[in-house]
Amino acid sequence: MDTIFALSSGALPSGVAVVRLSGPHVKKLLTQFVGSIPEPRYMNFCVLRSVKGEMIDQALVVYFPAPKSFTGEDCAEFHLHGSKAVVARFLEELGMFPECRLAEPGEFVRRAFTEGKLDLTAAEGLADLIRAETESQRRLSLMGTSGALATLYRSWRKRLIRARALVEANLDFSDEGDVVVTDKIWEDITLLQKEISQHILAGKRAGIMRDGLKIVIAGAPNSGKSSIVNRLAGRDIAIVTEAAGTTRDALEIRLILGDLPVLVTDTAGLRDTENHIERMGIDIAVRCIQEADLVLVIYDMQNPQIVDLPETSAKIWHIGNKRDLALGDTDTTRWILQISAKTGEGWDNFIEHINTFCQEHITIIGEMIPVRERQVALLKNSLIELNIAFNKKDLELCAEHLRHASDCLGRITGDIDIEDLLDVVFSEFCIGK
């Protein structure tokens with residue numbers, strides 16, 4: 001097996017650059033560059049020298065012997081000065097050894113998984129932790145990295161395997177009167193159905209916390225939608241003119257509101273039009289509204305125009321804009337909020353309402369929830385198999401569907417049959433992780 005290496009720290013130049021190695025030739029490379037093998041798990045100040053004996057840098061070096069390392073293999077870290085020239089020269093020197101190569105994205109984590117250092121839910125949690133932008137995302141990702149999710153799924157799988165064993169015991173010893181466990185099997189399957197169903201429902205909230213709420217700004221042309229987006233972004237990112245129909249596409253900005261990532265989409269004004277390009281923009285607006293969590297329908301308070309919204313499960317707020325130009329119309333039953341995107345009138349109250357909406361969609365972090373679409377899909381498949389097993393009168397078929405249900409849970413943690421998933425999962429990581 002090759003020894004892999006990569007720059008594991010941030011973009012250069014930087015104060016310190018960390019180059020990580022993992023594989024069977026780490027000790028040989030340490031001896032080559034440092035002159036000896038440093039004391040394990042201690043920072044050692046060393047002079048790094050090239051193959052020709054030329055000094056490359058003065059660095060702190062740490063050696064982690066197998067199996068007590070992140071990957072389970074011999075590992076080393078070189079904490080260099082964060083110069084582009086220093087790092088480039090050191091990586092070039094490493095690449096000169098035929099048994100040593102640059103790591104692929106996620107290869108360190110993949111080796112850790114292969115060596116049993118972490119399960120698949122922990123690997124996915126680690127990927128989410130690296131990408132976390134908010135405190136809630138950080139805490140959510142820790143469910144995976146801590147092993148709590150794997151423990152839960154493995155406990156469910158263990159119960160399913162036991163239920164299957166009891167069903168098969170009924171088949172094998174059906175002529176013996178002392179093996180009567182059917183009622184207990186159905187009770188446990190029913191309980192598992194309920195637990196997994198509730199877990200899947202909680203996963204919807206996890207998706208919002210990870211990917212963010214989708215807020216769509218809709219309304220008639222020239223109602224001030226783009227002005228609202230510009231004020232939310234804190235800069236001019238959307239064209240604002242007096243001409244109706246300026247917005248022809250969906251313009252997206254990403255914000256953090258109430259410790260939750262929010263994707264705000266400015267859409268084309270909704271109206272009947274013969275203009276083919278504007279019609280395409282309106283079609284995109286309709287799709288965005290259908291997929292939204294919250295739709296802000298904006299009205300020009302001077303000239304409010306009713307728009308036809310497509311069917312959507314999103315919450316809909318009707319908001320009056322251009323309050324600074326309105327002629328005394330302050331009917332609060334007509335609009336949930338009244339603002340002026342131009343002057344900022346009512347803006348703080350508007351943001352407070354959105355923050356409250358975001359907070360209502362943040363799950364209680366202490367609750368165990370699936371954090372990935374892959375996990376939710378396999379949980380749903382497991383639940384389907386459980387439901388079929390519960391309704392089967394034939395115990396042989398029941399046992400087979402219980403096996404399928406337990407296999408789905410095993411695929412979540414990576415305990416069984418997940419070779420086809422590994423390339424997808426570990427490609428999400430950056431090089432050096």
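This report walks through some helices, cores and backbone details of a predicted model.

Let's start with helix 1, which spans residues 26-34 and has Val26, Leu29, Leu30, Phe33 and Val34 among its residues, each of them buried. Viewed down the helix axis, these buried residues fall within an arc of 105°, so they line one face of helix 1. Gly35 follows the helix, and its phi is positive, near 105°.

Further along, in the loop between helix 1 and strand 3 (44-49), you will find Arg41. Its phi is near 60°, a positive value in a residue other than glycine. Arg41 is partly exposed, with a relative accessible area of 43%.

Glu93 sits in helix 2, residues 84-95. With a relative accessible area of 5%, Glu93 counts as buried, because the cut-off for that term is under 20%.

What is Glu93 in contact with, leaving aside its neighbours within four places in sequence? The partners are Phe33, Ser50, Val51 and Ile56. Phe33 is also one of the buried residues of helix 1.

Helix 3 (residues 107-114) is mostly covered, with six of its eight residues buried. Those six are Glu107, Phe108, Val109, Arg111, Ala112 and Phe113, so a glutamate and an arginine are listed along with the others. After helix 3 comes Gly116, which has a positive phi near 80°.

Next come helix 4 (residues 120-131) and helix 5 (residues 135-145), which pack at an angle of about 155° with their axes 7 Å apart. That angle makes helix 4 roughly antiparallel to helix 5. The crossing of helix 4 past helix 5 is left-handed. On the helix 4 side, the residues that meet helix 5 are Thr121, Ala122, Gly125, Leu126, Asp128 and Leu129. Helix 5 answers with Arg138, Ser141, Leu142, Gly144 and Thr145.

## Nonpolar cores

The largest nonpolar core has 59 residues, and Ile228, Leu232, Leu296, Phe350 and Leu402 touch the most other members. Which helix gives this core its largest share? It is helix 7 (residues 182-211), with nine residues. Another core, of 24 residues, lies apart from it and includes Leu48, Ala59, Phe78 and Val86.

Leu402 is worth a look on its own. Not counting residues up to four places away in sequence, Leu402 touches Leu160, Ala163, Arg164, Val167, Ile189, Leu386 and Ala389.

## Backbone details in the loops

Most peptide bonds are trans, and most residues other than glycine have a negative phi.

The peptide bond from Leu12 to Pro13 is cis, with omega near -5°. Pro13 belongs to the loop between strand 1 (3-7) and strand 2 (14-22). Another cis bond joins Ala66 and Pro67, where omega is about 0°. Pro67 lies in the loop that runs between strand 4 (55-64) and strand 5 (75-82). Lys322, which is not a glycine, has a positive phi of about 65°; this residue is in the loop between strand 11 (315-321) and strand 12 (337-338).

Definitions and conventions. Residues are numbered from 1 along each chain as its sequence is written. This is a predicted model: local features need pLDDT of at least 70, side-chain atom pairs count only at pLDDT 80 or more; totals for chains, interfaces and linings use all residues. Side-chain values use heavy atoms; hydrogens and water are left out. Buried means under 20% relative accessible area, exposed over 50%, partly exposed in between (1.4 Å probe, protein chains only). Helices (H or I, at least four residues) and strands (E, at least two) are DSSP runs, numbered from the N terminus. The arc is that of the directions from the helix axis to the C-beta atoms. A nonpolar core is a set of buried Ala, Val, Leu, Ile, Met, Phe, Trp, Tyr and Cys residues joined through side-chain atoms within 4.5 Å. Contact means heavy atoms within 4.5 Å. Axes are lines fitted to C-alpha atoms, for helices over the stretch in contact, and angles run from 0 to 180 degrees between N-to-C directions. Angles under 35 degrees count as roughly parallel, over 145 as roughly antiparallel, 65 to 115 as roughly perpendicular and the rest as oblique. A crossing is left-handed if the near helix is turned anticlockwise from the far one by less than a right angle, and right-handed if clockwise.
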